[in-house]
Amino acid sequence: MIAELGHFALILALLLALLQSSVPLIGAARRNYAWMTLGRSTAVAQFVLVAAAFAALIHAYVTSDFSVQNVFENSHSDKPLLYKITGVWGNHEGSMMLWVFILSLFGAAVAWFGDNLPPALSARVLAVQGMIGTGFLGFILLTSDPFHRLVPAPLDGRGLNPVLQDPGLAFHPPFLYLGYVGFSVAFSFAVAALIEGRVDAAWARWVRPWTLAAWCALTIGIAMGSWWAYYTLGWGGWWFWDPVENASFMPWLVGTALLHSAIVVEKRDALKSWTILLAILTFSLSLVGTFLVRSGVLTSVHAFAVDPRRGLYILLLLLVAIGGSLSLYAWRAPALKAGGLFAPISREGALVLNNLLLTVAAAAIFWGTLYPLFSDQLGGPKLTVGAPFFDIVFRWLLAPLLVAVAVGPLLAWKRGDLLAALQRLWAALAAAVVVGLVGLYIAGGGPILAVLTLALAGWMALGALSEWAERVRLFRASLAESGRRARHLPRAQYGMTLAHLGLAVTLAGIAASAWQDERIEIMNPGDDVPIAGYTLHLNSVDKVQGPNFTAERADVTVRKGDSVVAEMHPEKRFFPLQQMSTGVTAIKTNLLADLYLALGDSDGKGGWTVRAWWKPLVPWIWIGAVMMALGGVVSLSDRRLRLGVAARARVPRGARAAE
Amino acid sequence: MTRKRRRLIAVLVGMGCLGVAATLVLSALRDNLVFFYSPSDIKAKGAPQGRLLHIGGLVEQASVEHEPDGKTVDFRITDGSNTVAVVFRGPLPDLFREGQGVIAEGKLDGNGVLRADSVLAKHDENYMPREVVNALKRSGHWQEGGTPPTAVGQAKP
């Protein structure tokens with residue numbers, strides 16, 4: 001019964017979405033206030049209905065209602081409650097429900113916080129949101145109904161893929177979708193601005209918080225996915241340039257560019273039509289990501305659906321959304337008035353460089369990810385693009401960007417002085433040299449590229465800090481004066497510093513992986529294996545019983561010299577229901593380095609393959625990502641960006657001098 | 001400098017950068033394309049030595065041998081008609097077993113043995129790499145909707 005109510009709510013939501021995508025738009029064109037405000041009530045109502053449908057699906061999972069096909073195929077009564085709930089989005093239909101739920105959440109948020117938007121803009125934004133909602137609700141109802149009943153109802157379900165039964169992966173999709181779908185708001189604002197033919201600083205101030213929020217969620221989502229790959233897959237890698245990883249990385253890159261170019265629109269009224277284009281591209285890449293992952297055109301762990309009808313529908317949706325918005329852009333963008341002028345060496349110039357490099361990097365990844373698909377479809381040879389391609393391209397495109405990250409914020413708007421900026425960065429330069437030399441010393445020569453990357457991370461970190469020191473006039477004014485300045489710096493300033501520091505931390509973590517130590521040994525109980533100054537001692541391998549699996553569990557004592565550092569327990573789990581085995585790695589971290597153990601196969605003679613890695617600085621990769629996201633959140637809490645403030649008058653010139 | 005002239009220079013510089021980037025990307029792409037071969041493709045057309053390639057198929061029954069060092073594994077990949085011998089040193093994926101569809105990435109040595117750098121077997125019991133399915137279809141060992149012949153009756157761990 002509840003499942004039918006959920007289905008019914010979805011149909012109502014679709015009807016409302018149709019209403020929302022047409023009436024406010026016509027109202028805005030005809031200046032009919034009542035029609036315009038309809039968008040806000042339908043957005044909220046749509047959210048309530050989709051939330052009800054989503055709750056109905058969760059209810060079916062929690063109560064293990066196996067008469068619902070989706071629950072039968074993806075759940076099992078023995079599963080822990082957490083995974084019953086997170087299992088809702090561990091499959092195609094459920095994950096599309098999550099997509100639409102988040103979309104309607106953002107739609108309702110725009111309606112709630114949109115009190116002081118000009119009514120016509122608000123109506124158009126919500127209408128575009130309604131169109132996206134129509135597309136995806138239609139997709140669910142026509143091709144992937146999560147409430148389909150089975151008669152007669154089976155006794156128990158098939159269970160969730162054991163690999164997905166993991167806390168890290170359980171919350172990876174919601175964050176990723178918050179990011180993907182969050183960019184839909186920037187998209188809707190861009191399309192609405194194109195329809196209106198007007199982009200100004202107020203528009204940018206409206207778009208930036210939404211973009212920032214989506215970007216933070218996407219950063220966390222990508223980091224979670226990579227962290228999950230690191231600790232589950234059992235060979236210590238954390239990024240594989242897998243098509244699906246690329247699918248989430250492309251919107252992140254372009255979204256990052258959008259974040260930065262929106263600043264230029266807000267502060268300098270320039271780069272307007274470029275920013276609009278970026279907003280369209282960011283969401284388009286999110287849609288492409290959804291298409292790549294969900295249509296099954298690229299085989300991967302993530303590809304649930306291999307139903308050609310779904311692929312076709314998403315492809316059509318993609319054509320309408322991307323083709324439509326880009327056509328609108330081509331038609332209307334020339335009407336946008338060009339804004340302020342600036343010299344190539346200026347804050348704007350630096351941000352343009354940032355944008356160019358980020359979008360080119362995204363384009364290269366796009367090409368590398370889709371090239372095999374094109375080759376296959378056009379009857380060419382079957383091939384894949386090797387990971388070295390992405391490594392090379394990325395290294396060369398992003399190196400200049402990372403050098404510039406430290407310089408850009410020190411340049412003045414409009415016309416900057418590069419020499420003066422560089423003079424202020426002498427400390428950062430010195431730090432980079434020191435970090436490089438230290439790296440060289442520790443590594444005893446070592447891979448030169450990794451040393452350079454590490455030095456670059458040092459440069460960026462010190463660059464971000466010296467920029468802050470410059471703002472508060474540290475050591476040049478009295479400490480009290482510096483403290484006063486530090487307190488009065490806008491939060492957005494701290495957000496930027498934190499995010500740039502996070503990038504440096506992540507980069508250091510990536511660079512240091514060149515110095516990892518690896519051992520793959522067959523160990524009998526009682527054997528010792530040395531790694532990076534530690535000694536691993538295998539005590540035993542025992543059989544253990546879990547709630548829905550059995551496991552072989554190794555007991556390893558880690559010693560440094562004579563003292564015991566840790567007991568580690570890598571496992572190999574076997575899930576009888578799915579006839580699958582997965583590994584559970586054991587990781588001992590001190591935040592400077594990870595000791596990573598994975599249990600392999602038994603050799604049948606009492607010995608076990610044990611894979612061990614010592615990975616310096618690897619936790620920094622994710623710590624840095626969290627810092628970047630936190631930087632976004634801090635920036636989001638800035639009073640000037642807070643959602644209600646946007647429509648108020650511009651802050652007086654004096655208060656903005658700190659920028 | 002006039003506004004027009006300045007814009008022209010900016011556009012030219014931008015185009016130049018894009019050109020350099022495009023050249024870089026395309027040349028990097030050409031060097032890093034990894035072509036897919038089935039064992040029958042190699043038999044029929046041969047495959048370049050010393051270039052990174054993918055070979056896909058099923059792990060042949062009773063072909064997996066662990067060498068005494070505990071790290072090196074020898075096995076054969078079959079598409080039902082032909083086989084290719086593979087030597088791999090490193091951690092095998094959890095789902096690696098005889099009869100399972102896999103893709104091995106590596107270079108062929110002078111004896112036609114694939115020296116693999118990595119072996120992919122994805123995390124799903126129903127999963128079969130698309131390339132492998134197509135290769136099996138081409139060699140006539142795959143029926144639509146059916147299970148591949150070598151996988152039938154396979155012992156599950």
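Colleague: Which helices of chain A mark the lowest and the highest confidence?

Modeller: Helix α7 (residues 167–170) of chain A is lowest, with a mean of 77. Helix α20 (residues 618–636) of chain A is highest, at 95.

Colleague: Where in chain A does pLDDT stay under 50?

Modeller: Residues 300–305 of chain A are one such stretch, with 19 contacts in the model beyond four places in sequence. Residues 643–659 of chain A also fall below 50, and the model gives them 17 contacts beyond near neighbours in sequence. Where pLDDT is low, the predicted coordinates should not be read in detail.

Colleague: How do you know that the span of α10 (residues 243–268) of chain A agrees with what a helix should give?

Modeller: The helix has 26 residues, so at 1.5 Å a residue it should span 38 Å. Its end C-alpha atoms are 37 Å apart, which agrees.

Colleague: Why is α10(A) called mostly covered?

Modeller: A residue is buried if 20 or more other C-beta atoms lie within 10 Å of its own. In α10(A), 23 of the 26 residues are buried, so the helix is mostly covered. Just after α10(A), A:Asp269 takes a positive phi of about 60°.

Colleague: How do you know that β1 (residues 383–385) of chain A and β1(B) pair?

Modeller: Pairing needs at least two bridges. These strands have three, in the antiparallel sense, so they count as a pair. A:Thr384 stands opposite B:Val34 in β1(B).

Colleague: What makes up the contact between the chains?

Modeller: Chain A gives 40 residues and chain B gives 32. On the chain B side, α1 (3–31), β1 (33–37) and α3 (130–138) each supply at least two residues. By class, the chain B side has 16 nonpolar, seven polar and nine charged residues.

Colleague: What makes domain 3 and domain 4 of chain A touch?

Modeller: Residues are in contact if their C-beta atoms lie within 7 Å. Four residues of domain 3 of chain A are in contact with four of domain 4 of chain A, so the two domains touch. The domain 3 side has two nonpolar, two polar and no charged residues.

Methods:
Residues are numbered from 1 along each chain as its sequence is written. Chains are lettered from A and ligands numbered from 1 in the order in which they are written. This is a predicted model: local features need pLDDT of at least 70, side-chain atom pairs count only at pLDDT 80 or more; totals for chains, interfaces and linings use all residues. Helices (H or I, at least four residues) and strands (E, at least two) are DSSP runs, numbered from the N terminus. Ala, Val, Leu, Ile, Met, Phe, Trp, Tyr, Cys and Pro count as nonpolar, Asp, Glu, Lys and Arg as charged, and the others, Gly among them, as polar. pLDDT is the predictor's confidence in each residue, from 0 to 100. The expected span of a helix is 1.5 Å times one less than its number of residues. A residue is buried if 20 or more other C-beta atoms lie within 10 Å of its own, exposed if 12 or fewer, and partly exposed in between; C-beta atoms are placed from the backbone.
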